[in-house]
Amino acid sequence: MKDIDVLIEALPYIKKFHGEKILIKYGGHAMVDDEAKSSTARDTVLLKYVGMKPLIVHGGGPEISRSMEKLGKESKFIKGLRVTDEETMEIIEMVLVGKISTEIVSELIKHDGQAISLSGKDSSLIFAHKTEAKKIDEELVDLGLVGEVDCVNTELLDMFISNDYIPVISPVGIAKDGTSLNLNADTAAGEVASAVGAEKLIILTDVPGVLRDPSDQTSLIQKIKISEVPELIESGIISGGMIPKIETCVQAIENGVESCHIIDGRKKHSLLLEIFTDEGIGTMIYK
């Protein structure tokens, strides 16, 4: 009976989100562990078969750093942002577009999902401009070929979605002069989610969500209103690498995305548990 109860619990969510776009940002464990990769891909295909329209934006920071090391190039970061010269940009494209994106597509196809690998450069999918040099700790810092999103070519994505494809997008932008730009994957995911009118933005990470006490895995905050975010940042509950993720979520919601979810990609079927159960599994950010 337990399995039947799970299906009954899922039914209202299947009805509610039928035909809706769900943007999933692949990151962390869900991209590096073979079993997690396969499980996440299978769950994404399941969303497709129950009538939702999943899209994927993926990261790849650790893989980029490993490839740079193999090629004898040192990774340089300032405040968590990768300094990107032309050679680094070539490696980023090679890893994101040539390796990670095609691997995700292969996993989706293995589970009978139709998928297409896209770079932000394809058909000017993600137009961006170079981030201006800015002062960090009294020093003027130029991150190089790092970009900020200007607009997203939703016509291209709608064409693939309407033909039952799952778009898998690498966070590489294109500038007006054709230059490739390195984009933050979380930010790119938020921008794409907003542009296509996604119902949800789901960010897969290696933490359970927002924890009231980082040393206590059971102190998960299950729901956060965007109006509560400034206070949570000020009090230090939202800190470090979680701040840009939450800021991405807030901006996406302000741009029309109904809810954002930060969930633990290390947990089996976390995607399904977050969408289809009353309890959920991670932190939901909403208006």
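Which residue forms a salt bridge with Lys37? In this predicted model, the partner of Lys37 is Asp34, and the closest N and O atoms of the pair are 3.8 Å apart. A salt bridge is counted when a side-chain nitrogen of Lys or Arg lies within 4 Å of a carboxyl oxygen of Asp or Glu. Residues are numbered from 1 along each chain as its sequence is written, and side-chain values use heavy atoms, with hydrogens and water left out. Because the model is predicted, local features need pLDDT of at least 70 and side-chain atom pairs count only at pLDDT 80 or more, whereas totals for chains, interfaces and linings use all residues.

The protein chain holds 10 helices and 16 strands. These elements are DSSP runs numbered from the N terminus, with helices (H or I) of at least four residues and strands (E) of at least two. The radius of gyration of the protein chain is 18 Å, close to the 19 Å that the globule rule gives for 287 residues, so the chain is as compact as a globular protein of that length. The radius is taken over C-alpha atoms, and the globule rule is 2.2 Å times the number of residues to the power 0.38. Along its principal axes, the C-alpha trace spans about 60 × 45 × 35 Å.

The accessible surface of the protein chain comes to about 14100 Å², and 51% of this surface belongs to carbon and sulfur atoms. Accessible areas come from the Shrake-Rupley method with a 1.4 Å probe; for residues, only the protein chains shown count as cover. Of the 287 residues, 51% count as buried. Buried means under 20% relative accessible area, exposed means over 50%, and partly exposed lies in between (1.4 Å probe, protein chains only). Among contacts (heavy atoms within 4.5 Å) between residues at least 6 apart in sequence, 73% join residues at least 24 apart.

In soluble globular proteins, nonpolar side chains tend to be buried together. A nonpolar core is a set of buried Ala, Val, Leu, Ile, Met, Phe, Trp, Tyr and Cys residues joined through side-chain atoms within 4.5 Å. The largest nonpolar core has 79 residues, of which Leu23, Leu108, Leu157, Val192, Leu201, Ile246 and Ile285 touch the most other members. Helix H5 (residues 86-110) gives the most to this core, with nine residues. Apart from this core lies another, of five residues, among them Ile78, Val141, Leu143 and Val146. When residues up to four places away in sequence are not counted, Leu23 touches Leu55, Val57, Ala189, Val192, Ala193, Ala198, Lys200, Leu201 and Ile202.

Ala115 belongs to strand E5 (residues 115-119) and is buried, at 10% relative accessibility. Residues up to four places away in sequence aside, Ala115 touches Val105, Leu108, Ile109, Tyr165, Ile166 and Val168.

Leu7 lies in helix H1 (residues 2-17) and is exposed, with a relative accessible area of 58%.

Side chains of opposite charge can pair when their charged atoms come close. The count comes to 16 salt bridges. Lys37 and Asp34 both lie in helix H3 (residues 34-49), three residues apart, about one turn of the helix. Lys37 is buried at 17% relative accessibility, whereas Asp34 is exposed at 58%. In helix H4 (residues 61-70), Glu63 and Arg66 are likewise three residues apart, and their side chains meet in a salt bridge (3.2 Å, N to O). Glu63 is buried, with a relative accessible area of 18%, and Arg66 is partly exposed, with 40%.

Lys130 forms a salt bridge with Asp142, the closest N and O atoms being 2.8 Å apart. This pair links distant parts of the chain, 12 residues apart: Lys130 is in strand E6 (residues 126-130), and Asp142 is in the loop between strand E8 (139-141) and strand E9 (147-152). Salt bridges that share partners join Asp34, Lys37, Glu63, Arg66, Lys99 and Glu103 into one network.
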